[in-house]
Amino acid sequence: MYTKTRFIPRLITALLAGTTLISACASAATEAHRPENTLIPATEEHNPYPSPTTPAEAKADSNTQLQSSPGTTITFGTLTLLVPPGIANGATGSDYPRIDSEDAAWWQKTPGHLQIMLDDYYVLQGQFQQPQIYVYPAQAYAEMVPPAFESLHRLNNILGSPGMSISADKLPAVPFINAEEIFASNIQEISFQHGKGVRFLTQYAQSPAPVNNHELFYHFQGVTGDGATYIIAILPVKSRVLAETRDTVQILPLEGVASPDMTDPNADWQGYYATVTDLLNASPPDAFTPSINQLDLLIQSMRIAP
């Protein structure tokens with residue numbers, strides 16, 4: 001699957017150029033340790049689910065409140081999208097400045113990015129993940145944050161092999177979450193008006209954990225056709241076949257799958273995740289809240305201004 005893409009040649013050129021520049025300044029040993037894993041190993045002293053920056057660090061802008069009626073178009077900075085009916089009633093946009101200080105954690109570092117929060121998100125208030133869309137300059141982010149480099153590399157491989165089967169272990173990950181994808185279902189390539197990407201349902205954790213509605217989300221990663229812009233969407237979603245939270249895993253719908261005993265060191269978590277993946281893959285789009293079709297429409301409507 002790791003073939004060169006014809007879809008985002010400028011991104012490849014940019015990443016190779018960035019790597020060459022870094023190599024000229026670093027030793028051969030440093031170059032040999034280019035990231036191969038999706039995420040840096042988690043550490044207990046770090047928050048595993050941080051935002052890359054805090055609201056106080058965002059650039060103040062009188063136009064950050066972007067109210068809209070359901071089904072209307074929202075524009076903030078270079079991003080324009082259509083929010084389908086029943087998804088959200090508005091949005092809040094923030095323009096985050098560059099953060100690259102030596103004392104900043106890797107998940108906080110950014111070359112500067114746009115961050116859009118969907119307001120009044122359809123019946124999913126209080127979910128573990130918040131409904132947000134991030135827009136980064138691809139080359140600068142890849143050069144600054146190793147997990148971003150790795151995720152863009154994985155995304156490039158997927159988009160460079162259209163029609164090929166996509167396995168969960170080849171998917172890109174959220175570069176600023178200090179945890180791992182424990183499973184991935186409903187994987188599908190999807191296009192938007194100026195690029196392509198891949199979407200899937202997933203959940204993050206630092207150790208084996210039951211799949212549940214509180215933590216489940218629709219995840220999209222894409223890149224514009226010129227390779228200049230990298231987009232990450234995190235949109236909470238619920239399934240009617242999952243328990244509501246980790247604490248209610250014993251209260252399952254009739255179609256649900258019981259999770260292994262958390263105290264059993266020999267528990268078959270991989271078998272459990274495979275069964276849950278099959279169950280979610282077999283569920284129709286409207287068996288999720290919001291409907292996966294509606295979330296796909298939101299992603300497909302995105303436009304990035306030059």
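Predicted model: local features only at pLDDT ≥ 70, side-chain atom pairs only at ≥ 80, totals over all residues.
Residues are numbered from 1 along each chain as its sequence is written, and side-chain values use heavy atoms, with hydrogens and water left out.

**The whole chain**
- You will find six helices and 13 strands here, taken as DSSP runs (helices: H or I, at least four residues; strands: E, at least two) and numbered from the N terminus.
- Of the 306 residues, 50% are buried, that is, under 20% relative accessible area with a 1.4 Å probe, protein chains only.
- Among contacts (heavy atoms within 4.5 Å) with a separation of 6 or more, 67% link residues 24 or more positions apart.
- The accessible surface, from the Shrake-Rupley method with a 1.4 Å probe, is about 14,200 Å², and carbon and sulfur atoms hold 52% of that.

**Helix α4**
- Helix α4 covers residues 146-159 and spans 20 Å from its first C-alpha to its last, close to the 20 Å expected for its 14 residues at 1.5 Å a residue; the expected span is 1.5 Å times one less than the number of residues.
- In α4, 12 of the 14 residues are buried, including F149, E150, R154 and L159.

**Residue V135**
- V135 belongs to strand β6, residues 132-137, and is buried, with a relative accessible area of 5%.
- Leaving out residues up to four places away in sequence, V135 touches T78, L79, H113, L114, T229, Y230 and I304.
- T78 lies 57 residues from V135 along the chain, yet their C-alpha atoms are separated by 8.7 Å.
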